[in-house]
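Here are a few notes to read alongside the model. Have the structure open while you go through them.

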Amino acid sequence: MILKNVIFALIITSLAGLATGLGSLLAFFAKRTNTKMLSFALGFSAGVMIYVSFVELFNQAKTDLIAKTSPISGSWITVLSFFGGIIFIGLIDKLVPDFENPHEIHRAEEMTEKGLADKFRKLYRLGFFTAIAIAIHNFPEGLATFMSAMNNTKLGIAIGIAIAIHNIPEGIAVSIPIYYATGSKRKAFIYSFLSGLAEPVGGLIGFLILSQFYNDMVCGIVLAAVAGIMVFISLDELLPAAREYGHHHLAAYGLIAGMAVMAVSLLLLI
């Protein structure tokens with residue numbers, strides 16, 4: 001049963017991570033970026049993550065930790081783990097320079113703006129270091145998706161979809177600079193596609209480390225930390241990115257729609 005869950009979690013995390021390749025394709029074959037759709041989609045993704053984090057993951061973690069300790073101790077451990085997850089991904093985010101950060105906003109139409117060529121000329125020579133930076137940045141996302149899928153199949157699918165939506169503009173952001181550095185759409189797609197592998201690899205490595213001492217107590221701590229990670233991703237990356245595409249009302253509508261869809265989905269699971 002555990003092996004089955006691991007395989008399922010790995011598949012979900014891989015599909016979510018490799019959505020960067022879809023973003024790359026959109027950059028190459030779309031004359032202009034559908035900013036309205038991206039704003040709504042990013043808001044929707046944030047809504048799913050925020051609702052799941054506070055309503056499902058945080059409460060589940062609190063219930064598990066109280067059962068293993070006491071009401072007071074369990075509540076404190078849950079809160080500390082939640083903010084520990086936020087601090088963890090916040091520190092990782094600080095390790096990634098803006099120039100190498102895959103969440104910097106770019107658009108498909110930049111493919112025809114030759115003025116960007118010089119700006120990203122050095123990216124190819126820095127490709128190895130950029131790949132490392134992306135892997136570090138995406139590691140917690142992979143861990144969040146993987147552990148959620150391990151804990152609850154349907155919940156894992158929902159979070160996987162949210163992460164995949166979030167990775168589409170990331171794929172655009174990765175492929176455009178590399179295209180200008182190499183002049184090759186093929187290389188840009190491969191770099192973008194492979195950058196998504198950081199998430200399933202991160203999720204699997206994280207699980208292998210945790211599995212050495214995994215129990216109900218550790219599970220509760222991880223779920224609370226994952227909730228913190230996803231809230232940080234939503235507030236620090238998804239919503240600001242949605243606003244950067246210039247449609248903040250659509251981002252808000254997407255946020256509410258994501259919460260509503262997730263709420264109904266969780267009710268159907270009862």
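1. Start with the pairing of helix α1 (residues 2–17) and helix α9 (residues 198–211): their axes come within 7 Å and cross at roughly 150°. Angles over 145 degrees count as roughly antiparallel, so α1 runs roughly antiparallel to α9. Do keep in mind that this is a predicted model.

2. Who touches whom there? On the α1 side you'll find V6, L10, T13, S14, A16 and G17, and they meet E199, P200, L204 and F207 of α9. Sorted by class, this α1–α9 contact has six nonpolar residues, three polar ones and one charged one.

3. Next, have a look at helix α10, which covers residues 216–244, 29 residues in total. From first C-alpha to last it reaches 41 Å, close to the 42 Å expected at 1.5 Å a residue. There's still a bend to point out: α10 has a kink of about 35°, centred on S234.

4. Is α10 mostly covered or mostly open? Mostly covered, with 21 of its 29 residues buried. For the chain as a whole, buried residues make up 53% of the 270 residues.

5. Zooming out, what is the chain built from?

6. Last, the contacts over the whole chain. Taking those with a separation of 6 or more, 89% are between residues 24 or more positions apart.

How values were computed
Residues are numbered from 1 along each chain as its sequence is written. This is a predicted model: local features need pLDDT of at least 70, side-chain atom pairs count only at pLDDT 80 or more; totals for chains, interfaces and linings use all residues. Side-chain values use heavy atoms; hydrogens and water are left out. Axes are lines fitted to C-alpha atoms, for helices over the stretch in contact, and angles run from 0 to 180 degrees between N-to-C directions. Helices (H or I, at least four residues) and strands (E, at least two) are DSSP runs, numbered from the N terminus. Angles under 35 degrees count as roughly parallel, over 145 as roughly antiparallel, 65 to 115 as roughly perpendicular and the rest as oblique. Contact means heavy atoms within 4.5 Å. Ala, Val, Leu, Ile, Met, Phe, Trp, Tyr, Cys and Pro count as nonpolar, Asp, Glu, Lys and Arg as charged, and the others, Gly among them, as polar. The expected span of a helix is 1.5 Å times one less than its number of residues. The bend at a residue is the angle between axes fitted to the seven residues ending there and the seven starting there. Buried means under 20% relative accessible area, exposed over 50%, partly exposed in between (1.4 Å probe, protein chains only).
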